[in-house]
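Keep the structure in view as you read.

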Amino acid sequence: MAEAITFHFDVDGENFTSAGNASVQVKRKLRHLGFPADVIKRVAIAMYEGEINMVIHADGGSADVIVSPEEVKIVLADRGPGIPDVALAMKEGYSTASDSIRSLGFGAGMGLPNMKRYTDSMEIDTKLGVGTTITMTVKVA
Amino acid sequence: MKISELAEKMQLIPQSLPDPDREVEGFYAGDLLSWVMGRAQPDQAWFTIMSNVNVLAVATLVDLSAVILAEGVTLSEKDAESAREKGINVFTSDKSTYELCALAGELTR
């Protein structure tokens, strides 16, 4: 695998039950490509958290995963409301999810912190009323 | 210990058992999915009262050996079918999460 491979997924904002499909598919593809289990786990969890966030807060979006032998880059883009206070959103336990979302087991305020914890770099580009793009990288070596 | 052996000792009722020989390496209990995803380790069996389809995604992503639903909670038949397709072991029990943890602790001491 000399060149980077890109996978693109649309994340359906209406369908809570299909959230996670993209991350499960990426997990499978990385396994077929022979990536180490630790890398696969980190990519899959970071991506799943991002997918769930897009469903909860932004009515869906898109996920692009760029795979090269050195690193896996995940770009999650949505046209949601944007994040007013990124530092606050990054705090463990802080969440703006509704009670109905919490009743599904989400809204623990762990999504963004988990994404940061499981990746080597994470950048959040957000504009109120325009949307949010999160770029995460997991290094293979 | 194999999950089938553990299930028999704990009197768990299987709802999906595609991988009965799967080894269980420890346990985790919790209902907040992101928390579980951040802390649970591969091959652990997970005690929870959550039974929506996202539980299956977490079990797959973390590579858990089984999901054990407490307090008589069950998966819908559609989700149980999905668990079988995805190769995820799911059990149910009338015991509380605490009782299940205590029992699991006793059995694996």
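Q: Where in chain B does Gln11(B) lie?
A: This is a predicted model. Helix H1 of chain B covers residues 3–10, and strand S1 covers 13–16. Gln11(B) lies in the loop between H1 and S1.

Q: What is the phi of Gln11(B), which is not a glycine?
A: Most residues other than glycine have a negative phi. Gln11(B) is not a glycine, yet its phi is positive. The value is about 55°.

Q: Is Gln11(B) buried or exposed?
A: The relative accessible area of Gln11(B) is 62%. The cut-off for exposed is over 50%. Gln11(B) is therefore exposed.

Q: Where is Asp63(B) found, and what is its phi?
A: Asp63(B) is found in the loop between H3 and S4 of chain B. Its relative accessible area is 32%, so Asp63(B) is partly exposed. Asp63(B) is not a glycine, but it has a positive phi of about 65°.

Q: Is Leu64(B) buried or exposed?
A: Leu64(B) lies in the loop between helix H3 (54–62) and strand S4 (66–69) of chain B. Its relative accessibility is 5%. Buried means under 20%. Leu64(B) therefore counts as buried.

Q: How many Å apart in space are Leu64(B) and Ala29(B)?
A: In sequence, Leu64(B) and Ala29(B) are 35 residues apart. In space, taken C-alpha to C-alpha, the separation is 12 Å.

Q: Which residue forms a salt bridge with Glu81(B)?
A: Side chains of opposite charge can pair when their charged atoms come close. The closest N and O atoms are 3.4 Å apart. The partner is Arg84(B).

Q: Are Glu81(B) and Arg84(B) buried, partly exposed or exposed?
A: Glu81(B) has a relative accessible area of 37%. For Arg84(B) the value is 32%. Glu81(B) is partly exposed, and Arg84(B) is partly exposed.

Q: In what order do the elements of chain B run from the N terminus on?
A: Chain B has five helices and five strands. From the N terminus on, the order is α-β-β-α-β-α-β-α-β-α.

Q: What is the radius of gyration of chain B?
A: The C-alpha trace of chain B spans about 35 × 25 × 25 Å along its principal axes. Buried residues make up 52% of its 109 residues. A compact globule with 109 residues would have a radius of gyration near 13 Å. Chain B agrees with that, at 12 Å.

Q: In what order do the elements of chain A run, and what is its radius of gyration?
A: Chain A has five helices and five strands. From the N terminus on, they run β-α-α-β-β-α-α-α-β-β. For 141 residues the globule rule gives 14 Å, and chain A is close to that, so it is as compact as a globular protein of that length. Its radius of gyration is 14 Å.

Q: What percentage of the residues in chain A are buried?
A: The C-alpha trace of chain A spans about 45 × 30 × 25 Å along its principal axes. Of the 141 residues in chain A, the buried ones make up 50%.

Q: Which residue meets Lys139(A) in a salt bridge?
A: The N to O distance is 3.6 Å. The pair links distant parts of the chain, 68 residues apart: strand S5 (residues 131–139) holds Lys139(A), and strand S3 (residues 71–78) holds the partner. The partner is Glu71(A).

Q: Which residues gather with Asp10(A) in a patch of negative charge on the surface?
A: Asp10(A) is found in strand S1 (residues 5–12) of chain A. At 64% relative accessibility, Asp10(A) counts as exposed. The patch also holds Asp12(A), Glu14(A) and Asp59(A).

Conventions: Residues are numbered from 1 along each chain as its sequence is written. Chains are lettered from A and ligands numbered from 1 in the order in which they are written. This is a predicted model: local features need pLDDT of at least 70, side-chain atom pairs count only at pLDDT 80 or more; totals for chains, interfaces and linings use all residues. Side-chain values use heavy atoms; hydrogens and water are left out. Patches are made of residues with over 30% relative accessible area and no salt bridge: like charges are joined within 9 Å, nonpolar side chains (Val, Leu, Ile, Met, Phe, Trp, Tyr) within 5 Å. Accessible areas come from the Shrake-Rupley method with a 1.4 Å probe; for residues, only the protein chains shown count as cover. A salt bridge is a side-chain nitrogen of Lys or Arg within 4 Å of a carboxyl oxygen of Asp or Glu. Lys and Arg count as positive and Asp and Glu as negative; His and the chain ends are not counted. The place of a charge is taken as NZ of Lys, CZ of Arg, CG of Asp or CD of Glu. Helices (H or I, at least four residues) and strands (E, at least two) are DSSP runs, numbered from the N terminus. Buried means under 20% relative accessible area, exposed over 50%, partly exposed in between (1.4 Å probe, protein chains only). The radius of gyration is taken over C-alpha atoms; the globule rule is 2.2 Å times the number of residues to the power 0.38.
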